[in-house]
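Visitor: I am new to this structure and would like to understand the terms used for it. Could you take me through them with care?

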Number of protein chains: 2
Amino acid sequence: MDNNIKIAVEKIAEEAKVASRELGTLSTQIKDKALAAIAQALIDNTAEILAANEVDMENARKNGTSESLLDRLMVDESRVRAIAGSVLDIMALADPVGEIVKGWKNPNGLLINQVRVPLGVIGVIYEARPNVTVDATALALKSGNAIVLRGGSLAQETNQTMTKIVRDAATKTGIPENAIKALPRADRDSANALIGIDKYIDLLVPRGGEQLIKNVTENAKVPVLWAGAGNCHIYVHSDADFDDAENITINAKVQRPSVCNAAETLLVHRELEESLLPRLVASLREKGVTVYGCSSTQKLPGVEAASEDDWSTEYLDLKIAVKVVDSLSEAISHINRYSTLHSEAIITKDYDAAKTFCEQIDSAAVYVNASTRFTDGGEFMMGAEIGISTQKLHARGPMGLTSLTSTKYVIQGSGHIRP
Amino acid sequence: MDNNIKIAVEKIAEEAKVASRELGTLSTQIKDKALAAIAQALIDNTAEILAANEVDMENARKNGTSESLLDRLMVDESRVRAIAGSVLDIMALADPVGEIVKGWKNPNGLLINQVRVPLGVIGVIYEARPNVTVDATALALKSGNAIVLRGGSLAQETNQTMTKIVRDAATKTGIPENAIKALPRADRDSANALIGIDKYIDLLVPRGGEQLIKNVTENAKVPVLWAGAGNCHIYVHSDADFDDAENITINAKVQRPSVCNAAETLLVHRELEESLLPRLVASLREKGVTVYGCSSTQKLPGVEAASEDDWSTEYLDLKIAVKVVDSLSEAISHINRYSTLHSEAIITKDYDAAKTFCEQIDSAAVYVNASTRFTDGGEFMMGAEIGISTQKLHARGPMGLTSLTSTKYVIQGSGHIRP
């Protein structure tokens, strides 16, 4: 790696760290005023943003960028309004900083409070979507954290322009200037420099595709908060209500197949092989879903053979793997083996089956008679979401603002010494 | 690395993972019964433990092991009683598993509960002290986690014997056999195999010296919970009570200098240079403490010159670095720069100074007029402690049983689909 970029990125991170100490003690009022100013500044400078975006779009088109990527890159007036709106949504959330998580008085009279505090500096590496520049900055500010942004090269002009607008508005309202930093380059070296820093960066949030994730997994020295993949399951128990089973399966698979909380595998109890399974498969196929089935499911018309790989595939597409299982416990074993521990649902009317499923399934979200699609910060009443964690440490499931915080203990004594 | 050990360790971890699913759903009653049986079995089999320990001690003596290491390795009757006693202490703690951390009903009627659950499998790599074998196992069992132990080679016989006793007692009372596993070898390769597993192990707790920490930092693929170093500070503000300042400084430095919450640096306000500083330094020296001072402190008798390194040294010994600072803000800057973010104290009668110090010091525990020595699971009313974390994610400060847990969301619906 180019050593200059390493030094430059470390300097940026150090400056952000220094700024974070001041930012971390600012009142909610000041932070909210800054967020309101940011939203207004984005609206006021829409023309400048669109002009910068036009440069990025032209370069991208010249380089033969795909239509779907161009769509993610594109910013128009309504998208600027949406971005500004999401800043106001984040402003409206409760400030997690300063919350007394726990507090008590020791027998010896020591008063101990566990207080919620910002982490310090959040690093974000992201790809084409320029809205992440503003979203991530607003989430960091609201939770009292400085931010270091490394956007994708495709969106370089748009990101630079938006960062400048956001930083100017924030600085004018009392946010320290170095609290919002962008890396000077949008290349791989600058990302590698950022994830390789062993101080200053308190948390890295990677937002991007497989290559980014692989790179971060293998090389990061900074602590990382993952938004994990979702190989989500629906298990239809022998006594399930047929309408519930069909509605929930269709909703979980079809309503928005490209997201992590969409279902990827359907497990159906053997007793329903002749009664309900044909109806479920037909209904899925009618909605345009390709069905990869186990040997039992393959007997139905239009079902393709599932391979071992299908059980662990996150299709993110109108595709589903279907398997007939002999028992609840086979369903649970299958899920705990193949799942990415995101979201799983059982459809049943049986109290014990529901209880056992909820206890034994080792996933971030476990549902009874509801669609896996509800695993979401908004649906979980957290407001804006940083992502959905499938890791078990620090934050699990939808991650709200508190996942960008830590706690510290404040202990008040009066000359206390330890006996 | 020897590939056989890699395969063997992965198999052990996988078996522990399977067992953890059953263990995680056991009631507190069953887990407590197992812990009581373990404590009794240790007492009942004291002779066997002492015999095994004698073999380890003899081998260690032959290899010229230092007296202090021999003392850590040694187990006698009273130590077995103490180990069994700590199992009963852990038994008496509240079971963290099953706690409803949060629960609410969504406007759409979905009932959402965030439930505390075990992590799954805890790996522990430790060195000479055989009591860790039992302590770590008891903490894991109480929190519903399976455990994979890799003890030090010095204590191999003792660890094997104790593991067998503990496992037999646990299995007889309904704990799955594979919930308590020990690696077949106590060498570096087996430790490397354990930290290199990218599945099955949900958390690694390293307990040992610098070399272990370095190895884990550089090579671990598993999530790690660190018990961090403590470069702790006492800052004596200009208006401090002289007796409080002296008592707390002496307590924090002298009472048990070898532990992470002992003070390593004393900062004194410039206004006290002539009045209090000489008294503090004399008092420290009287207790046998070597004082490394800044240029101002060096004017006092018997003070050695502090180098830049002294400000970041965790002596863990009767040594202290002393610096005169011009202001509260210089003290705060110094601490935030050199501290390992463990525990820091201010001695003051001034309300604003205390408030500012608590807000701006970025450490796990911040004290007003009390000794840093209180940063401890027991003193924080958590009971047994896994260690004291100086990291910001997952757990910060003294880590009790809950740091060995995660949460999951259980969502109860009645046919809910996402609109």
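Guide: Let us begin with pairing: two strands pair if DSSP finds at least two bridges between them, and strands (E, at least two residues), like helices (H or I, at least four), are DSSP runs numbered from the N terminus. This is a predicted model, in which local features need pLDDT of at least 70 and side-chain atom pairs count only at pLDDT 80 or more, while totals for chains, interfaces and linings use all residues. Residues are numbered from 1 along each chain as its sequence is written, and chains are lettered from A and ligands numbered from 1 in the order in which they are written.

Visitor: What makes strand 5 and strand 6 of chain A the edge strands?

Guide: Four strands of chain A form an open sheet in the order 5-4-3-6, with parallel pairing; strand 5 (180–182) and strand 6 (203–207) each pair on one side only, so they are its edges.

Visitor: How do you know that strand 3 of chain A pairs with strand 6 of chain A?

Guide: Five bridges join strand 3 (residues 121–126) of chain A to strand 6 of chain A, and the definition asks for at least two, so the two strands pair. In this pairing, Tyr126(A) stands opposite Arg207(A).

Visitor: Which strands does helix 7 of chain A touch?

Guide: Helix 7 (residues 156–172) packs on the sheet and touches strand 4 (146–150) and strand 5 of chain A, where contact means that C-beta atoms, placed from the backbone, lie within 7 Å. Its direction makes about 160° with that of strand 5 of chain A, on a scale from 0 to 180 degrees between N-to-C directions, with axes fitted to C-alpha atoms, for helices over the stretch in contact.

Visitor: What joins strand 13 of chain A to strand 16 of chain B?

Guide: Five bridges join strand 13 (residues 365–370) of chain A to strand 16 of chain B, and the two run parallel; Tyr367(A) stands opposite Ile411(B) there. In total, 50 residues of chain B are in contact with 50 residues of chain A, and strand 16 gives the most to chain B's side, with eleven residues.

Visitor: Why are the two copies said to be related as by a two-fold rotation axis?

Guide: Chain B can be laid on chain A with an RMSD of 0.1 Å by a turn of 180° and a shift of 0.0 Å along the axis, superposed by least squares on the C-alpha atoms of residues with pLDDT of at least 70 in both. The two copies are therefore related as by a two-fold rotation axis. In chain B, the C-alpha nearest the axis is that of His394(B), 1.8 Å from it.

Methods
Two residues are in contact if their C-beta atoms, placed from the backbone, lie within 7 Å.
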